[in-house]
Amino acid sequence: MRNRFAELHPAVLFLYFTAVILFSMFFMHPVFLAISLFCGFACSAALHLGKTLRFSFRFLLPMLLVMTAVNPLLNHRGATILLYVNDNPVTREALLYGFSSACMFSAVLLWFSCWNTVITSDKLVYLFGSVAPSLSLLFSMVLRFVPRFKAQIRTIENAQKGIGKGADQGSIFIRAKNGMNILSILTTWALENGITTADSMRARGYGLAGRTSFSIYAFNKRDKTALIVLIVMLFPVFYGAFTGENNIRYYPSLAVKPISFVSNLVYAAYFLLCAFPLLFNAAIEVKEHDSI
Amino acid sequence: MTVFEFDHFCFTYPKETEPALWDIRLTIPEGEFIALCGLSGSGKTTLLRQLKPALAPHGKSEGTLQFFGKPLAECSERSQAADIGFVMQSPEAQIVTDKVWHELSFGLESLGYDSQTIRLRTAEMASFFGIESWFERDVCTLSGGQKQLLNLASIMAMQPKALLLDEPTSQLDPIAAADFLAAVKKINAELGVTVLLTEQRLQEVFPLADRVIVLDRGRVITDASPREAGKHLLEIGHPMAAALPVPMKIHGAVANDLPCPLTVREGRNWLGAFLKESKIFYRAIPEEPESTNTDKAVELKGCWFSYEKAGPDVIKDLTLSIPKKKITCIVGGNGAGKSTALGIMAGIFKPARGKVKVNGRTALLPQDPQTLFLKNTVAEDWAETLDGRLSNAEKQKKLQETAELVQISPLLNRHPYDLSGGEQQRAALGKVLLTQPDILLLDEPTKGLDSSFKITFAKLLRELIGSGVTVVMVSHDIEFCAEYADYCALFFHGGIISSGGARAFFAGNSFYTTAANRMSRGFFQNAVRNGDVIALCNKNQNRKD
């Protein structure tokens, strides 16, 4: 299925992920954590199900258990003592804090995996470009260079192997020398090819005054709607943050603001924000389906 | 309108006494397609670069060079960048950015166009070249031919009035090269852009060009239509004549008054007209007894190979034996696995299954000679491969001998990167030979060599065979293989489809064969080389007389 959310304008995506990742990092309140973790998992699964499941079960779940278990063993703060291990108290607060931090950490990692898939290199280049055009060109050239470099080093390695001077032929001393030689050949090649690239840039007028920066991203009506919706949802979340709806005290004893009508509203807004990619996809799906 | 005009133009490189260009007088009218030819080092590239001031080499120039009636040096940098497009040899190194669309827009960004204009122009170019489907792709996922087409498209997006191309197809395989040249022809015919192209492969360019200019040691020796230029080169016996289209060469070597053919089709018509007069008595070249050599240098049995564990098999059930002290050529399309097979023989790749038996020491000359050079001079670079226990005198002797063999003695103290493409190839070959292999493996050795050095190169291979070396070569260059190989094998889809003695092999194929064979099919039975067709023509003619 097409991910319509990922097709939004890079600036909208950037704003969204920055907000969600920052909120996930700083809101340690269990309701907020649960929302972020759940939505982060769902969004990541919508992008690539298999990878998300593998990542969650092989890495996140073990990490969750380890952090929950280790924190109370190292940290003895907290008022409610559950048991003693080697004369050291294990507290309920430390246990919960370990669990919450692990949840926070998992949520952030899941959101970053979404970021990685959705904000591809060219979108990042574009975002840079709107701030500093020359930086974005540099970035784009680096992205061109890295795969070329990798391919060339393989070619050189094979060529050297072909005349009996590979990095895996001969004694350890000769191997090391051959390996160094391969790097040296690569360097000369890179410098020499750099001249051709520079020529090619100059031939196409690089260095003339008044260079512009082109991108294939246009800010369309859908981006505008998405941006407005996002900003509208950010307000209640910020309001909640200022009034302390998201605050939690772990030590010496747990303390949260009691759940009220206002706090429910803030939770709802935060949920809508975190589930935005999924809701957006669903909304577009319904809309386009109806119009056919 | 005149686009470029040279008048008594001379150019000398710094610290050189001999001028690189001498008394050039040329007028290039708008809309012409001009092929600029000459051997390596004849000054083609120097001449072409004079026309693009941003790329012109340093040196002293005399005489005048005008662009649309105005001295080129006085044109603004902006108009030079936009109006004169320049495509270079290397498809890889010319590409600056990582995305196809960004590369297409690079020149327009430099010229400071707004987004709307750039969007329109890149879209236009992408549709003109039929490359819309790659528009958002990463550059590194394109093939060499696609990359060069992208380079051309990103120049054309700037809407130049003149397009200069410096051996643009020398790094491409024949099919990609033909596609590329067809795109250049389309630009010339449909947009009326003036084209100046330097090229080694005259076979493909001659039928496209309106005019051919031949340079020799910095002087213009011919400036005429392709037919006339070819005739002139044949008459004066210029080394460049070796690169002419096959039908032209055959026509020139047979006494007749018929008009000169350029393409295989015209060649067939010519042959028909020529032979009708004299009835065809001799249809076949007498078969030379095949000198069979049962000694095997390399034997592969049921080999399978893939680059990645889960990846597709590149080599599939390959069984192949290479006879000793012979030249064996492996031909075939791109990506068929030829180079990989060579890598297996060289021990670079280990097959997942199957047996590899190599009788002797191998050395592989890679496609890109630059991947071998390590030191600052050719001599130092070569010395590095020699056994450290040899005395200095012995080392020197070896170096000198090898330098004479590959004919680069005067260049031993130059930096390998300062040599031309053909010279680099020779320096790399010398380095490989110094490892004293019993089996010499060559990957596309004729790529970028000019036709006159190809003949020298073939002689060199013969000498090596004489001294007991086995040569295995992977190539796209069918003409070269037909002319000089003992055995040929056709590689397809990871295995050998057919193999045999060179003549029988090519005579048995219908498309994948030499121009001479395609031209004489139906008239003669097994004429594969140019010499075969010429000999049969002369024989038939003499009989009539």
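Visitor: Which residue does Arg227(B) meet in a salt bridge?
Guide: First, this is a predicted model: local features need pLDDT of at least 70, side-chain atom pairs count only at pLDDT 80 or more, and totals for chains, interfaces and linings use all residues. Residues are numbered from 1 along each chain as its sequence is written, chains are lettered from A and ligands numbered from 1 in the order in which they are written, and side-chain values use heavy atoms, without hydrogens and water. A salt bridge is a side-chain nitrogen of Lys or Arg within 4 Å of a carboxyl oxygen of Asp or Glu. At 3.1 Å, N to O, the partner of Arg227(B) is Glu266(B).

Visitor: How many salt bridges cross the interface of domain 1 of chain B and domain 2 of chain B?
Guide: An automatic or database domain assignment sets the bounds. In chain B it gives domain 1 (2–238), domain 2 (251–287 + 527–544) and domain 3 (296–520). Across the interface of domain 1 and domain 2 of chain B, the rule finds one salt bridge.

Visitor: What area do domain 1 of chain B and domain 2 of chain B bury between them?
Guide: Buried area is the accessible area (1.4 Å probe) that two parts lose on being put together, summed over both. Of the area between these two domains of chain B, 69% is on carbon and sulfur atoms. The total is about 460 Å².

Visitor: Which residues of domain 1 of chain B lose the most area to domain 2 of chain B?
Guide: Three residues together make up 79% of what that side buries. They are Pro207(B), Arg227(B) and Leu234(B).

Visitor: Which residues of chain B does Arg211(A) touch?
Guide: Arg211(A) sits in the loop between α7 (172–203) and α8 (221–243) of chain A. Contact means heavy atoms within 4.5 Å. Not counting residues up to four places away in sequence, Arg211(A) touches Leu137(A) and Tyr206(A), and in chain B Phe106(B), Glu109(B) and Ser110(B).

Visitor: Is Leu372(B) buried or exposed?
Guide: Leu372(B) lies in the loop between β15 (362–365) and α12 (378–383) of chain B. Its contacts include Ala159(A), Ile163(A), Leu365(B) and Val432(B). Buried means under 20% relative accessible area, exposed over 50%, partly exposed in between (1.4 Å probe, protein chains only). Because its relative accessibility is 0%, Leu372(B) counts as buried.

Visitor: Why does Leu74(A) count as exposed?
Guide: Leu74(A) lies in helix α3 of chain A. Helices here are DSSP runs (H or I, at least four residues), as are strands (E, at least two), numbered from the N terminus. Leu74(A) counts as exposed because its relative accessibility is 68%.

Visitor: Which element gives the most to the nonpolar patch?
Guide: Patches are made of residues with over 30% relative accessible area and no salt bridge: like charges are joined within 9 Å, nonpolar side chains (Val, Leu, Ile, Met, Phe, Trp, Tyr) within 5 Å. This one covers about 680 Å², and its members include Leu74(A), Leu83(A) and Leu95(A). α3 (49–74) and β1 (81–85) of chain A each supply at least two residues. With four residues, the element that gives the most is α3(A).

Methods: Areas by Shrake-Rupley, 256 points an atom, 1.4 Å probe, with all protein chains shown as cover.
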